[in-house]
Number of protein chains: 2
Amino acid sequence: MCPPAEGNNNGVNGHANGSANGVMSHEGFTAIETGQNPHPQRQRNPYQPVGDFLSNVSRFKIIESTLREGEQFANAFFDREKKIEIAKALDEFGVDYIELTSPAASEQSRLDCEAICKLGLKSKILTHIRCHMDDARIAVETGVDGVDVVIGTSSYLREHSHGKDMTYITNTAIEVINFVKSKGIEIRFSSEDSFRSDLVDLLSIYSTVDKIGVNRVGIADTVGCASPRQVYDLVRTLRGVVSCDIECHFHNDTGCAIANAYCALEAGATHIDTSVIGIGERNGITPLGGLMARMIAADRDYVKSKYRLEKLKDIEDLVAAAVEVNIPFNNYITGFCAFTHKAGIHAKAILNNPSTYEIINPADFGMSRYVHFASRLTGWNAIKSRATQLNINLTDEQCKQCTAKIKALADVRPIAVDDADSIIRTFYRNLHHAENKPLLPDLTPEEKAKVAEKEKELNGQPEKRALDEAVADQAPAKKAKA
Amino acid sequence: MCPPAEGNNNGVNGHANGSANGVMSHEGFTAIETGQNPHPQRQRNPYQPVGDFLSNVSRFKIIESTLREGEQFANAFFDREKKIEIAKALDEFGVDYIELTSPAASEQSRLDCEAICKLGLKSKILTHIRCHMDDARIAVETGVDGVDVVIGTSSYLREHSHGKDMTYITNTAIEVINFVKSKGIEIRFSSEDSFRSDLVDLLSIYSTVDKIGVNRVGIADTVGCASPRQVYDLVRTLRGVVSCDIECHFHNDTGCAIANAYCALEAGATHIDTSVIGIGERNGITPLGGLMARMIAADRDYVKSKYRLEKLKDIEDLVAAAVEVNIPFNNYITGFCAFTHKAGIHAKAILNNPSTYEIINPADFGMSRYVHFASRLTGWNAIKSRATQLNINLTDEQCKQCTAKIKALADVRPIAVDDADSIIRTFYRNLHHAENKPLLPDLTPEEKAKVAEKEKELNGQPEKRALDEAVADQAPAKKAKA
């Protein structure tokens, strides 16, 4: 389950994690029907979950709900133009479904829903309505591919929200489902606050709607209280009760939204609800990027083949700007420190082999790895040790010159490990072959001027430079000011 | 496992979740030894995990590592003064242990460690060193209560980092542990990258160090690859092999750091590593606040009795400022939207009974609940519906006046639900009893002046006011601009 980030996740791991043999897996069954050994090179890795026919970790689908759950985020007020921009971006990314706010919520929502249905996206379009005939009648006229109905089944919601009993809920569900199906449209039935609902009530209504042919049933942790093993147990139990697909929706109030999604898939769920950077009611739901981080660590081939991961950062920037928030510093994959390693601690190992301290390859998402030596505060000792690793022979004085250049460049733009390596190599070549190639190839004239200025500054202040380097070698930036 | 946020989590839930009967629980065993029924009022809630003697969910300890793991965060450069400030804040909060960077890392680290040991805090002080006699000799002289040793056991780290084999690792561990114990100091032995290590190697070395009397063994998900059920399986297996305490350390690269901590406790782990807002290598580890969110949903009494939760926000602000990051918008408990509900969707239910859509009571952390009607964009319809809920009879015109006042006040400071309620009540009393009480009691003269100005503005622009309200009633802020 924990393959090397850069390794091929197909061979040993792909087989051994067994999740390729999902309950709906044609490939999985094929392997067995043809009598092939599904574990040809199985290695002794005890933390590799034993092959599990229940798991859909390698065949999950995404229901992207930025335009529904995300609209309930405190700061979200999307106009039609923004909704269309987000829908197109999600479609390009490759999400399976895009879920929209109920057309019954307002005339504006209805018109926006119609407009998005007319875009002809590859992603299927869903809308999310109350389990009520009035809403269903409006929804089926919008052109959506599917309708998601929801009703609260917990005692909390039955008492304080809609006030209906289970018989009423069941009868209404049957009426709405039959109506939507009669229009040839996909239909999902979900309970709300499922983890505080009575299990017998839940299984009873899910079994009923499964029998009349609902496409999916949904489980929703509306208040964010569920824990991973509870999720696994409920989904596994439900998997034995219904034959339709199972969708799961997890809020993140207690920090388990990604883990719960993963455990739900392990237990046989088929669809996971996400939103971009997790926006939604309160602190939100399973984030699209966070789910990608989790799933790529489990099955890199499936995730890479299905989703255009290099688009993730742009989508996140788009939505963050629209709802006027910053990407959290510690955001999965795209946060500024997601692939930053501090020199002197892990740097040697990470430079030798990134898999030692990374489970995700940043390049899969078009991101870069940063090791802290390539920064304004880097010391020449760090550069010397990197040069040695690269088999480049520089004297101490030459290392100091090269360090000054890296610092000057790092002041102008962030320097990734690869950049630092190529600067060291070019610096060396320039020295020994009397060349004068630019250390970074694509600097603009403005950037070049800035670098020259910085270099002059550093060279003109030998004392400050010595101090900076001494300080940087011990890494405390704040002390430099003191 | 999902009690109402405001409910008493002691009775039914406290018993039924069974985690009060941890493996080291005196109370748990007492209940059984005296023959009492441990489930006196057990209710049929199928998602309540069945009573489990393994679980330490109700008796976990925190090893707070902001001053060790947190120092490895890209932006962290703590000077001694800042370290002492953070240590004191963590001590006040009530963490069980504070872990510090190795005194072998630099002379500065050694002196800082000594200084913190001399503070006389209630929290025990640990330092975290490589499994090496040189480091151990330095550590035991600093005055720490305990030493945490760590060595990489995965093939990745053995090959690319330290290059040692398991026999060497075991022999060194025994030497270091015996030495530290001989000084009367607590000792923990941890593997690094445990989830990519060979299970037989792991169990073998843990069993050896347990027999020679180590206080704790540690499991570390150094690369953030572990999933909750893997964690549960490994910790449960280890629980059967060692009799000492079990500490767990989880990175958050794939979004499972909080969930993994929870599952580790369910499986019998005793100590969880945290850092404030999760800072650490790459995107960090289990955040202190996020763990509190998870644990208070599981056992509110234990968490509230042990930790001064109302200090959480101050500690987070302190550390965020020190490492120059913003608190993420979606941070657990303290993020700006953690307790924000949007009017018209959940507002009625949340006002009736907050437990319908909240699993955590914000007041436990000194935080407030916000419902979106109490904002600059609120419409008078929302205020009218709230007044009706409060049994306060206002005409439409009076509601509009009251709304203008709430908007003016909301421009000056954020208005929580309680504030809005008290404003409506005071407004009504002022009307009907010819009183003139201030709508918000503790406004400064400057704030009063601002409110008066805003009110004049709103009253002077009847058209703009009408437009704002019409727009606000449909909630799209952006459209107001268009």
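Visitor: Let's start with B:Arg68: does this residue count as buried or exposed?
Guide: Heads-up first: this is a predicted model, where local features need pLDDT of at least 70, side-chain atom pairs count only at pLDDT 80 or more, and totals for chains, interfaces and linings use all residues, while side-chain values use heavy atoms, with hydrogens and water left out. Residues are numbered from 1 along each chain as its sequence is written, chains are lettered from A and ligands numbered from 1 in the order in which they are written. The scale runs like this: buried is under 20% relative accessible area, exposed is over 50%, and partly exposed is in between, with a 1.4 Å probe and protein chains only. B:Arg68 comes out at 8% relative accessibility, so this residue counts as buried.

Visitor: Which side chain does the side chain of B:Arg68 make a polar contact with?
Guide: B:Arg68 sits in the loop between strand E1 (61-64) and helix H3 (80-93) of chain B; helices (H or I, at least four residues) and strands (E, at least two) are DSSP runs numbered from the N terminus. Beyond four places in sequence, B:Arg68 is in contact with B:Glu99, B:Leu100, B:Thr101, B:His128 and B:His249, contact meaning heavy atoms within 4.5 Å. A polar contact needs a pair of N or O atoms within 3.5 Å; within protein, one must be able to donate a hydrogen and the other to accept it, and residues adjacent in sequence count only if both atoms are side-chain atoms. At 3.5 Å, the side-chain partner is B:His128.

Visitor: Over in chain A, which strand holds A:His128?
Guide: A:His128 counts as buried, at 14% relative accessibility. Leaving out residues up to four places away in sequence, A:His128 touches several residues, including A:Arg68, A:Asp148 and A:Arg188. The strand, residues 124-130 of chain A, is E3.

Visitor: How many aromatic pairs turn up over all chains?
Guide: A pair of aromatic rings is described by the distance of the centres and the angle of the planes. Rings of Phe, Tyr and Trp (its six-membered ring) pair if their centres lie within 6.5 Å; planes under 30 degrees apart count as stacked, over 60 as edge-to-face and the rest as tilted. A search of the whole structure gives a count of 13.

Visitor: What kind of aromatic pair do A:Phe73 and B:Phe336 form?
Guide: A:Phe73 is in the loop between strand E1 (61-64) and helix H3 (80-93) of chain A, and B:Phe336 in the loop between helix H13 (312-322) and strand E9 (340-341) of chain B, so the pair joins two chains. A:Phe73 is buried at 1% relative accessible area, whereas B:Phe336 is partly exposed at 42% relative accessibility. With 6.0 Å centre to centre and 65° between the planes, the pair is edge-to-face.

Visitor: How many residues apart in sequence are the parts tied together by B:Phe93 and B:Tyr307?
Guide: The ring centres of B:Phe93 and B:Tyr307 are 5.7 Å apart with planes at 20°, so this pair is stacked. Both B:Phe93 and B:Tyr307 are buried. B:Phe93 belongs to helix H3 of chain B and B:Tyr307 to the loop between helix H12 (300-306) and H13, so the sequence gap in residues is 214.

Visitor: How far apart in space are B:Asp198 and B:Gly184?
Guide: B:Asp198 lies in the loop between strand E5 (186-192) and helix H8 (199-211) of chain B, and counts as buried at 18% relative accessibility. A polar atom of the B:Asp198 side chain is 2.9 Å from the backbone nitrogen of B:Val200. B:Asp198 and B:Gly184 are 14 residues apart in sequence, yet C-alpha to C-alpha they are separated by 32 Å.

Visitor: What is the average pLDDT of chain A?
Guide: pLDDT is the predictor's confidence in each residue, from 0 to 100. In chain A the score stays under 50 over residues 3-46 and over residues 462-482. Still, 78% of the chain A residues score at least 70, and the average is 81.
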